[in-house]
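Me: I have a model open and would like to learn to read its features one by one. Can we go through it together?

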Amino acid sequence: MTALMTVLGILVFVVGLLVSIAWHELGHLSTAKLFGIRVPQYMVGFGPTIWSRHKGETEYGIKAIPMGGYIRMIGMFPPGEDGRISSRSTSPVRSMIEDARSAAYEELQPGDETRLFYTRKPWKRVIVMFAGPFMNLVLAIAVFFGVWMTFGINRTTTEVASVSPCVIQQSERRDVCKEGDPVAPAKAAGLLPEDRIVAFNGRAVSDWSVLQQRIRETIGPATVTVERGGQRLALPVTLIENKVAKTDGHGGYVKGQYVTAGWLGFSPKNETAALGFGESVEHMGQEVARSVDGLLALPGKIPALWNAAFDGGEREADSPMGIVGAARISGEIATLDIPAEQRLVFFLGLVGYFNLSLFLFNMLPLLPLDGGHIAGALWESLRRNTARLFRRPDPGPFDVAKLMPAAYVVAGVFVCFTLLVLVADVVNPIRIT
């Protein structure tokens with residue numbers, strides 16, 4: 001039964017993956033057709049075609065490897081300086097450029113001269129290339145808001161779950177007091193489980209991360225106001241300096257890192273609560289910020305990822321994870337002994353974060369990513385508008401094909417990174433159990 005549920009969980013993720021890819025490409029397809037660009041192919045996946053059909057001038061299909069997708073637009077790159085569009089050089093670099101240019105005109109038909117991608121105004125090309133990632137962002141927002149406003153999120157509150165009986169440095173990793181350990185400030189002040197802290201030093205507080213920050217900034221006398229049994233009590237406390245876990249700025253902790261700060265000595269309570277629309281917007285902003293930070297931190301995580309893949313090192317919980325790893329997590333979720341709605345929330349979360357990652361990744365201003373084509377269109381617009389401003393000749397379309405050698409380098413780096421993540425996901429996977 002466990003094996004069956006694992007397979008089912010993996011299949012659910014694969015379906016979510018294919019829907020996300022198809023949704024992305026639909027953004028490109030719909031806007032390209034809106035602006036009159038001919039699109040011969042719309043494909044989900046890579047490799048051999050396992051199903052396809054023609055509708056109008058476009059072939060729609062599914063390929064064997066669900067690792068991405070594409071639409072083929074006619075005339076992605078302008079002709080060369082001599083007006084030709086076929087490969088005509090033995091230089092490896094030049095061949096890369098002209099091969100890419102030739103591929104953009106492979107299915108050129110009579111009448112396509114007015115339906116080429118590069119002939120569209122830069123703002124239209126920006127819309128076409130941005131539409132794909134934007135669709136992923138829309139899907140991520142829809143999934144997240146649906147989950148947060150219906151099922152809610154697990155978050156840390158200002159309610160007291162437990163009070164530390166004595167002073168223990170968090171780096172010691174022990175829960176039992178030793179003889180001679182001083183009494184914790186919270187216990188000495190009379191703080192009790194189920195107290196809800198509503199103010200610190202006379203300033204109202206309802207968010208755990210804010211309260212945590214204020215506590216850490218304070219050493220010495222302070223006043224903690226709590227709600228207890230329907231009444232408000234002001235408890236005088238004396239915070240001490242202690243070695244505590246470093247925070248991530250959002251109320252969470254950074255594993256294995258410690259700082260010296262003010263310490264009160266209690267553990268907050270976690271609860272699952274639905275968010276309102278405004279709270280969801282704010283939380284979405286936080287998730288985007290975390291995802292951007294994670295994307296920027298990827299290069300620094302490669303040594304630890306290599307160590308986890310080939311040297312038996314520990315796989316960090318925030319280590320980069322690929323499609324295989326995510327599918328494996330999805331399989332584990334299906335086997336968890338938890339209510340069905342919680343498993344659904346986990347599945348939806350995977351789909352949401354996958355789409356958010358697709359959006360951010362594709363917005364990098366690098367070819368062959370969508371962001372690279374957007375950057376090329378914006379640069380062309382800047383050149384042409386500058387020339388018009390200074391009454392200079394129109395420089396014409398920016399030849400993005402000349403950047404293809406760099407695009408091959410970028411693609412090579414991405415492939416190597418993907419293979420490294422794949423090995424790590426197979427031999428040393430991230431687990432949720």
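Me: Is Phe 361 buried, partly exposed or exposed?

Reply: Start with the cut-offs: buried means under 20% relative accessible area, exposed over 50%, and partly exposed in between (1.4 Å probe, protein chains only). Phe 361 has a relative accessible area of 29%, so Phe 361 is partly exposed. A caution on the source: this is a predicted model, where local features need pLDDT of at least 70 and side-chain atom pairs count only at pLDDT 80 or more, while totals for chains, interfaces and linings use all residues. Residues are numbered from 1 along each chain as its sequence is written, and side-chain values use heavy atoms, with hydrogens and water left out.

Me: Where does Phe 361 sit, and which residues does it touch?

Reply: Contact means heavy atoms within 4.5 Å. Helices (H or I, at least four residues) and strands (E, at least two) are DSSP runs, numbered from the N terminus. Phe 361 lies in helix 9, residues 340–362. Leaving aside residues up to four places away in sequence, Phe 361 touches Leu 295, Leu 369 and Phe 414. Ser 291 is 70 residues from Phe 361 along the chain, and their C-alpha atoms are separated by 10.0 Å.

Me: How is helix 3 oriented against helix 9?

Reply: Take the axes as lines fitted to C-alpha atoms, for helices over the stretch in contact; angles run from 0 to 180 degrees between N-to-C directions. Under 35 degrees counts as roughly parallel, over 145 as roughly antiparallel, 65 to 115 as roughly perpendicular, and the rest as oblique. Helix 3 (residues 122–150) packs on helix 9 at about 150°, with the axes 8 Å apart. That makes helix 3 roughly antiparallel to helix 9. The contact includes Phe 130, Phe 134 and Phe 144 of helix 3, and Gly 349, Gly 352 and Phe 359 of helix 9.

Me: What is the hand of that crossing of helix 3 and helix 9?

Reply: A crossing is left-handed if the near helix is turned anticlockwise from the far one by less than a right angle, and right-handed if clockwise. The crossing of helix 3 and helix 9 is left-handed.

Me: How does helix 7 lie against helix 11?

Reply: Apply the angle rule again. Helix 7 (residues 298–310) and helix 11 (residues 404–427) pack at about 45°, with axes 9 Å apart. Helix 7 is therefore oblique to helix 11. Helix 7 passes helix 11 in a left-handed crossing. Among the residues that meet there are Ile 302, Leu 305 and Trp 306 in helix 7, and Phe 417, Leu 420 and Val 421 in helix 11.

Me: Now strands. Which strands pair with strand 6?

Reply: Two strands pair if DSSP finds at least two bridges between them. Strand 4 (residues 196–200) pairs with strand 6 (residues 220–228) in the antiparallel sense over 4 bridges. Phe 200 stands opposite Val 224 in strand 6. Strand 7 (residues 231–247) also runs antiparallel to strand 6, joined by 9 bridges. Val 226 has Leu 233 in strand 7 as its bridge partner, and Pro 221 stands opposite Thr 238.
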